Amino acid sequence: MRFQTVRPTHVLCDRDDRPYLAVPCFALCGAKVVSCGFVMVCASDILGPDSGEIALPSDKELSEGQSRQIAATIREELARRRMSRQQIAEKAKLSISTLEKVLGGSRPFTLATTVRLEEALGVSLRKHINVPEDAIDRKNGVAPDNLGAYSHRAVAWIEGSYVTVRPSFGDKNTIYAYRTEIVWDDAASCLIFREGERLDVAFTQFGEVAVPHQSGHIYLVTNRAGQHRLITVSRPTITGEMYGILTTLLAGRGSLLTPIAAPIALLPAKAFPNAALGRIPSTDENYGAYHQHLKRVIDEPFALFLPG
């Protein structure tokens, strides 16, 4: 009698977000082999041969947008915890070359790799991507009307990693810089953005991207329990920069919050392979380039600031 190896096809999680496998169970009934359901097996109990590594259930590749979102979250976690890529690779029992490839975008994340990294970091990396395929199909790759009803194909050229610069709110001779990732999210069926590598990690923003045809501008919208923060920028120039206005709240002493607006520029990260991030003083070699981009917001003008 010939038997076919059946791989586990279902992944569930318990309250601690530990992955469990639904492994098909078979029984011999006379001369026939019949299925009798599934047995739940903890993924951490299944070891690869002679490797000591967890043999996870699926090598299914995640989409490009999902992979970018997960990579951005991992980079943010590493920066916040001051961990090296080598440390997290060892903790997740991954080779450093594999980790570098998935974080760099040259290889998509797989479900197995994602679960290993979730266990190593102790955070969920799949909050926005676990949706039924039929739900994605129903949305048909088109954003909701309130975001501009754009299709994924129509805005794919906006996706990418950007160095975001704005004036420092605490020092007029300093520029504040961080990264912003813009990717398509299948679950939300729209572009989303997520900031990373900010010095003030507690104020990291993420949200949806509106691209209405009427105004010709792009809106990065954060809405948390009715509290809004808005970035309004131009469509990308021929070299990929986006210029506009940031409207947010300035945190003062205690619970004091003051509305504030400032020029902002999103610059393609590929143009700044050695970008300086954080607070950039006027003595930094990157300050001149960053300052010119912010000056362009007002000089061209991409935005107007009216006197009181």
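**Exercise 1. Determine how many salt bridges the whole structure holds, and trace how Arg-198 takes part in them.**

*Solution.* Begin with the count: a search of the whole structure finds eleven salt bridges, a salt bridge being a side-chain nitrogen of Lys or Arg within 4 Å of a carboxyl oxygen of Asp or Glu. This is a predicted model, in which local features need pLDDT of at least 70 and side-chain atom pairs count only at pLDDT 80 or more, while totals for chains, interfaces and linings use all residues. Residues are numbered from 1 along each chain as its sequence is written, and side-chain values use heavy atoms, with hydrogens and water left out.

Next, take the pairs that involve Arg-198. Its side chain meets that of Glu-195 in a salt bridge at 2.6 Å, N to O, and it also meets the side chain of Asp-200, at 2.8 Å, N to O. Then widen the view: Glu-195, Arg-198, Asp-200 and Arg-229 are linked in a network of salt bridges.

**Exercise 2. Decide whether Arg-198, Asp-200, Arg-296 and Glu-300 are buried or partly exposed.**

Now turn to the salt bridge between Arg-296 and Glu-300, where the closest N and O atoms are 2.5 Å apart. Arg-296 has a relative accessible area of 27%, so it is partly exposed, and Glu-300, with 47%, is partly exposed as well.

**Exercise 3. Describe which strands pair with β5, and explain why β5 is said to be largely enclosed.**

*Solution.* Two strands pair if DSSP finds at least two bridges between them.

Then work through the partners one by one.

- Strand β4 (residues 160-167) runs antiparallel to β5 and is joined to it by eight bridges; Ser-161 has Glu-181 of β5 as its bridge partner, and a hairpin through six residues connects the two strands.
- Strand β6 (residues 190-196) pairs with β5 in the antiparallel sense over seven bridges; Trp-184 has Leu-191 of β6 as its bridge partner. This hairpin has four residues between its strands, and Ser-189 in the turn has a positive phi of about 55°.
- Strand β12 (residues 278-281) is antiparallel to β5 and joined to it by four bridges, with Thr-174 standing opposite Pro-281.

Finally, consider burial. Twelve of the twelve residues of β5 (residues 174-185) are buried, so the strand is largely enclosed by the rest of the structure. Both faces are covered: the buried residues include Ile-182 and Trp-184 on one side and Val-183 and Asp-185 on the other. Asp-185 counts as buried because its relative accessibility is 3%, and its C-alpha atom is separated by 6.6 Å from that of Gln-66, 119 residues apart along the chain.

**Exercise 4. Identify which residues of the largest nonpolar core touch the most other members, and which element gives the largest share.**

*Solution.* A nonpolar core is a set of buried Ala, Val, Leu, Ile, Met, Phe, Trp, Tyr and Cys residues joined through side-chain atoms within 4.5 Å. Of the 26 residues in the largest one, Tyr-150, Ile-158, Ile-182, Leu-191 and Val-209 touch the most other members. The largest share, five residues, comes from β5.

In soluble globular proteins, nonpolar side chains tend to be buried together.

Conventions
Buried < 20%, exposed > 50% of the residue type's maximum accessible area, 1.4 Å probe, protein only.
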